[in-house]
Amino acid sequence: MTVHQRPQDQRPSAIDPAKLDKLAEVAIRVGLNLQPGQDLFLTAPVAALPLVRLIAAHAYKAGAGIVTPMLADEEVTLARYRFAPDASFDKAPAWLYKGVAEAFSANTARLAIVGDNPMLLANEDPAKVGRASKANSLAYQPALEKIAGFDINWNILAYPSAAWAKQVFPDDAEEVAVGKLAEAIFSASRIDQADPVAAWAAHNAALRTRRDWLNGQRFASLHFTGPGTDLTVGLADGHDWQGGASPAKNGIVCNPNIPTEEVFTTPHARRVEGHVSSTKPLSYQGSLIDQIQVRFEGGRIVEAKASRGEAVLNKVLDTDDGSRRLGEVALVPNSSPISKSGILFYNTLFDENASCHIALGQCYSKCFVDGASLTPEQIAAQGGNKSLIHIDWMIGSGEVDIDGVYEDGRRVPVFRKGEWA
C-alpha cells in the first residue's frame, strides 16, 4: 500500500459528507468568490484529498478556467529530515514559487487547505527546521508579495486529518477524534448553519461595524496589559483596520480566512515597546512553541524566551531584521465562538481567532489608507514592516485589557477582561 492511500488519512465515515460539501461551496463562494474564467491554484495535505475533490467540483461549477492542485505528504517531509544530505536544508524550489508568482500575476486565485500534524517536526533538529524554513521563505518571496499585497483573491481553510485530530483529542479513538475535529471545523466555519453563505454575510457585516469604529478613532497606539504583558503597540501612520470580507486589488471581494473573528491592522515597525507573553501555544511548521515571552525596544524584539521550542523561535527571529518586528496586530474577543469551544486547535488559523494576536514579520499593504496605490518605500516610511515571514501568535485572554491611545495621550477603553469595552 502506498503512503498516500493509508486508511487513517481518510475517514469518510467520521466526517459528515453533506457538511464537507458545504465547506467546499463556502470556500469557493465566500472564501474566494471565484469568478467565471478565473484559474485556481490549490495546495493541501494528501489527507485532505476528499475536500480537494469537492472544491474542484464547486470551482468548475462556478466557471473556473483550470484548477491546479498540489498535494504534500508528511512521510515525504519526514524522509528529508531522516535521509537528506545536510546541504538539502538550505535549498527550496525557487523555480516553483516563481511559477506560482507568475500565476498570481495572471489573476489566478489562491486556496490553501491546512490540516497537517502540528507536531510533525517536533523531534527533528531545530537547526535544520530553521534552515529549511528560511530557505523556503526566501524562495517563496515572489509569491508571498502577491499575497501580502492582496493582489488577488485568496483563502485558507481546514480539513480534519487524522494526525491533527489525534493531537487535538489525544484521549479519543482516531475515528472519534476525526469526527470531533470535523464538527469543530464546521461550527467555526459556520457550515452547521441552515444557510452558511447568508451566515457569513451577517458575520462580515458585524466585523465591518467593529472595523469602522476603530478606523474612526485614529488611535496612535494600543496598550495591552495583563499577566506577563505590558505592551504598547504603535500603529502605522495612515493605518487602516480590516476584517472579514474585503476587495483584493483585482476587485474581487473575498474572505482570506475561514474561519475569521478578527479585525486587524498594521503596527508601526519602529514604535513597539514593552513585554508580552503568549496565551496559547504556537504551532509553527511542525514544531510547537509554548509560553513565549518577548521584550521590545524601539519596535524590535531584543529578548525572547519560550518554555518549549525556544531554539526554533530564535532561529525564526534570525530570519531577517524584519522578523523581530511586528507586521500585524489583531483584536478578537475572548467570547468568540472558537474561544468558547474550549478547544486548543494547535493551528494558527483557528487559535488566532480565539484570541487577540500579533504577527512577526511582513505587514499587509491593504492595512493602509489607499494601500493599493502606495509604493513599498512609502509603506516602509509610514511604519510598515518587510520580512520573509509572517507568523501570528496569541496574546489575548479573559485577563487582558486594551486601551486605545490618541496622539495627545488621551486613552479610551477598547477591551476589558478580553471583551470589547
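Trainee: Where is F150 found?

Mentor: F150 is found in the loop between α5 and β4 (154-158). Helices (H or I, at least four residues) and strands (E, at least two) are DSSP runs, numbered from the N terminus.

Trainee: What should I know before reading on?

Mentor: This is a predicted model, where local features need pLDDT of at least 70, side-chain atom pairs count only at pLDDT 80 or more, and totals for chains, interfaces and linings use all residues. Residues are numbered from 1 along each chain as its sequence is written, and side-chain values use heavy atoms, with hydrogens and water left out.

Trainee: What pLDDT does the chain average?

Mentor: The average is 94, and 97% of the residues score at least 70. Over residues 1-11, though, the pLDDT is below 50. That stretch has 17 contacts in the model beyond near neighbours in sequence. pLDDT is the predictor's confidence in each residue, from 0 to 100. A contact means heavy atoms within 4.5 Å. Where pLDDT is low, the predicted coordinates should not be read in detail.

Trainee: Back to F150. Why is F150 called buried?

Mentor: Its relative accessible area is 2%. Buried means under 20%, exposed means over 50%, and partly exposed is in between (1.4 Å probe, protein chains only). So F150 is buried. Its phi is near 55°, a positive value in a residue other than glycine.

Trainee: And R218: what makes R218 count as partly exposed?

Mentor: R218 has 36% relative accessibility, so it counts as partly exposed. R218 also has a positive phi, of about 55°, although it is not a glycine. Its place is the loop between α8 (196-217) and β5.

Trainee: Which kind of peptide bond joins I258 and P259?

Mentor: A cis one, with omega about 10°. P259 lies in the loop between β8 (253-254) and β9.

Trainee: How far is the sulfur of C367 from the closest cysteine sulfur?

Mentor: It is 8.0 Å from the sulfur of C363, so it is too far for a bond. At 1% relative accessibility, C367 is buried. C356 is buried too, at 3%.

Trainee: Which residues of α9 are buried?

Mentor: In helix α9 (residues 310-317) they are V312, L313, V316 and L317. They cover an arc of only 135° around the axis, so they sit on the same side of α9. The arc is that of the directions from the helix axis to the C-beta atoms. An α-helix has 3.6 residues a turn, so residues three or four places apart point the same way.

Trainee: What covers the buried residues of α9?

Mentor: The cover includes α5 (126-148), β14 (300-305) and β16 (357-361).

Trainee: What is the order of the open sheet of four strands?

Mentor: β9-β15-β16-β17, with antiparallel pairing. Two strands pair if DSSP finds at least two bridges between them. Three bridges join β9 to β15 (residues 326-331). Within β15, L331 stands opposite V263. Five bridges join β16 and β17. Here L360 stands opposite I391 in β17.

Trainee: Where is E328 placed?

Mentor: In strand β15. E328 has 3% relative accessibility, so it counts as buried. Leaving aside neighbours within four places in sequence, the residues in contact with E328 include F264, I358, Y364 and D392.

Trainee: What is the order of the open sheet of eight strands?

Mentor: β14-β13-β10-β6-β5-β18-β19-β20, again with antiparallel pairing. Its edge strands are β14 and β20 (419-420).

Trainee: How many bridges pair β5 with β18?

Mentor: Five, between β5 (residues 221-226) and β18 (residues 401-405). The bridge partner of H223 is D403 in β18.

Notes
A disulfide is a pair of cysteine sulfur atoms within 2.5 Å.
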